[in-house]
Protein chains: 2
Amino acid sequence: MRPRFELVAAEGAARTGRLTTAHGAIETPAFMPVGTYGTVKAMTPEELVELGADVVLCNTLHLLLRPGPAIVEAHGGLHGFMHWQRPILTDSGGFQVFSLKSLRKITEEGVRFRSPVDGSEVRLTPEDCMDVQRALRADIAMALDDCTPYPATESEARASMERSMRWAARSHAHYHREPPPGGLFGIVQGGMHPALRLASLETLLKLDWPGLAVGGLAVGESDDERLAILEALVPHMPADRPRYLMGVGFPEDIVAAVGRGIDLFDCVIPTRHARNGHLFTATGEINIRNAAHQSDLGPIDPACACYACRHYSRAYLRHLDRCNEILGSRLNTIHNLHFYLELMRTIRTAIAAGRFEAFAAGYLAARKAAAGAT
Amino acid sequence: MRPRFELVAAEGAARTGRLTTAHGAIETPAFMPVGTYGTVKAMTPEELVELGADVVLCNTLHLLLRPGPAIVEAHGGLHGFMHWQRPILTDSGGFQVFSLKSLRKITEEGVRFRSPVDGSEVRLTPEDCMDVQRALRADIAMALDDCTPYPATESEARASMERSMRWAARSHAHYHREPPPGGLFGIVQGGMHPALRLASLETLLKLDWPGLAVGGLAVGESDDERLAILEALVPHMPADRPRYLMGVGFPEDIVAAVGRGIDLFDCVIPTRHARNGHLFTATGEINIRNAAHQSDLGPIDPACACYACRHYSRAYLRHLDRCNEILGSRLNTIHNLHFYLELMRTIRTAIAAGRFEAFAAGYLAARKAAAGAT
């Protein structure tokens, strides 16, 4: 089914809503844990539900390479393959191809790249991308985009954006050739150039999308540049459709973007940082590998109610990390995902109560102070 | 408290019983999953309880090296450190030192070895060993033994066994110097020489132990040699105390040893094999890495009721393994531990119903046939 969005409450640009899919509803603003290969690293689906994840993101390009769309499709799609019964969003692979750099070749047709898995040449056109995402049967699919590098001149960013718009139209046409398994989101590009962003949005809006994403951010730009783009762009995005800021970010980035009207986020930071021992706390980040935690009988965060903080000491978690124990990655991931998903709950509650602005100001100041103290 | 053993039922040499500790009862025959560093690899304690594990084994030598006994003791012992509230058995480190080979030096005082972690010299006397296990506060501790190599001449095996017996007496004296946290088991040595085994047992029985172990097996001997030792030794071991066969083994080894009167087992096979993709099934073992499973939509074992078999296909598990996903290790470990713990339940039920002999004959024949078919 086509995802359906309803606004629930708004405070300034910030808003709460509900995005309903065939696999249930996503309360927004929402954070999507990343399950690159059809698994949010170290987690079971039941644990994600317990943590309050409404939706996960999977990476089309990775799943195209391993295990390939045919095997996922034989399971009835990603939901059956990975035993996750809530909504799934698949990205288009545009950003992943962009990350391959020297291994890729971009033409009007699409992209060709060497598989990092086996070195074979892989082609991904907008049509291929839709076929793969159709096989994955995600609730939300993304149009193939050409992710503009940072920095880029105005003419480079324009050419890239215009290519993305032609690919978006091809994606849209191909995705809807047969009754689609879910809904397709378009992606606004245009680099750090507000006029190009608005032109991209205007082009996209000639077609019907159940949601729109802001792509080409979180690619190396400063926080100020990112927020300037959001401030120039988001007020012009349709208020009745969800807005997804791809690949963002740290907790403070999320809070700031919600304040500019963003509804959906994804990022590998909580899960990847967890496996590297970087843990988020109410008073800043800690690295569990630090010798300071060697004999610390206290939890990661006394203010945290997650499974890891309820039952395990910093000393135990540091020990697990030193011994490369899988349970260490598990507990750290539970903690960081809880931190992010709890933040999203707090954000939604604050907006509904009309006190998001005050919350955001306090939160951003506290994060800044904590970062300064580290 | 001192562990208390009661016999529940017997059929020939096989018996069921209940070993009660301060942290609850262990239904025997029991398999103890191995939690080397204070974590059964990839598992939470809650998952182990769900799988039906009554007891886990932790490795004294590993915990001595990392994180060190003081840190575990500061958590009130291993139970608090690792958040496991059921019984814990700690080994003595004798077998681990034995495995270090060239890095170790054995004298009458005890052993000295280079730490594989940081190269420092570590001393482990029977008294040190008791102090470490006391700090770990296990329900069952093991006397320090000198593990006889295989093969060994009669005089080598005798000298090694006699040293183990002197160390056992020193362990016993030191462990009971203060009120102990649990009970201390003695370990019978004597290599492949039945007369030495009986002499070792006779020496041990001059002291009071709440349980006895058979050490120095699973070191490279044949199945026939191992069973011959058990048949010569076990009938002379006190019937009112639990008998623990250390480091054994494959499912068929466990069934055969239960038939000779063994009550307790530990082995890394189910957990280590799981992480290497070797999975046990009712019809033999499979390696999930095999290309044959690439598109297999069926579970590991249609006869299995574990979480992995209820929700995931072989194709998905193979994909997780290829991508080095932590969830793959988790699901494989759940499956293999379920296989072992379900086997122990089946064994206990069969003995209680007086049909263990028939069960064992059928099981061993089926395992042999499955191995031949692979």
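Which residue is the bridge partner of A:T21 in strand 3 of chain A? I looked that up before anything else.

**Ground rules.** I'm working on a predicted model, where local features need pLDDT of at least 70, side-chain atom pairs count only at pLDDT 80 or more, and totals for chains, interfaces and linings use all residues. Residues are numbered from 1 along each chain as its sequence is written, chains are lettered from A and ligands numbered from 1 in the order in which they are written, and side-chain values use heavy atoms, with hydrogens and water left out.

**Entry: the sheet.** In strand 3 of chain A, A:G24 turned out to be the partner of A:T21. I also found A:T28 of that strand bridged to A:G17. Strand 2 (residues 14–21) and strand 3 of chain A run antiparallel to each other over 5 bridges, and a hairpin of 2 residues links them. My strands (E, at least two residues) and helices (H or I, at least four) are DSSP runs numbered from the N terminus; two strands pair if DSSP finds at least two bridges between them.

Stepping back, I see an open sheet of 3 strands in chain A, order 1-2-3, with antiparallel pairing. Its edges are strand 1 (4–11) and strand 3 (24–28) of chain A, each pairing on one side only. On average, neighbouring strands here are turned by 15 degrees against each other, direction ignored.

**Entry: two helices.** Next I checked helix 6 (residues 126–136) and helix 7 (residues 154–175) of chain A: their axes come within 8 Å and cross at roughly 45 degrees. Axes are lines fitted to C-alpha atoms, for helices over the stretch in contact, with angles from 0 to 180 degrees between N-to-C directions. That makes helix 6 of chain A oblique to helix 7 of chain A (under 35 degrees is roughly parallel, over 145 roughly antiparallel, 65 to 115 roughly perpendicular, the rest oblique).

For the contact (heavy atoms within 4.5 Å), I listed A:P126, A:E127, A:M130, A:D131 and A:R134 from helix 6 of chain A, and A:W167, A:R170, A:S171, A:H174 and A:Y175 from helix 7 of chain A.

**Entry: the two chains.** Last, I superposed chain B on chain A: a rotation of 180 degrees with 0.0 Å of shift along its axis does it, RMSD 0.0 Å. In chain B, B:I326 has the C-alpha nearest the axis, 3.5 Å from it. Both copies use the same surface, since 100% of the contact residues of chain B recur in chain A.

Notes. Least-squares fit on C-alpha atoms with pLDDT ≥ 70 in both.
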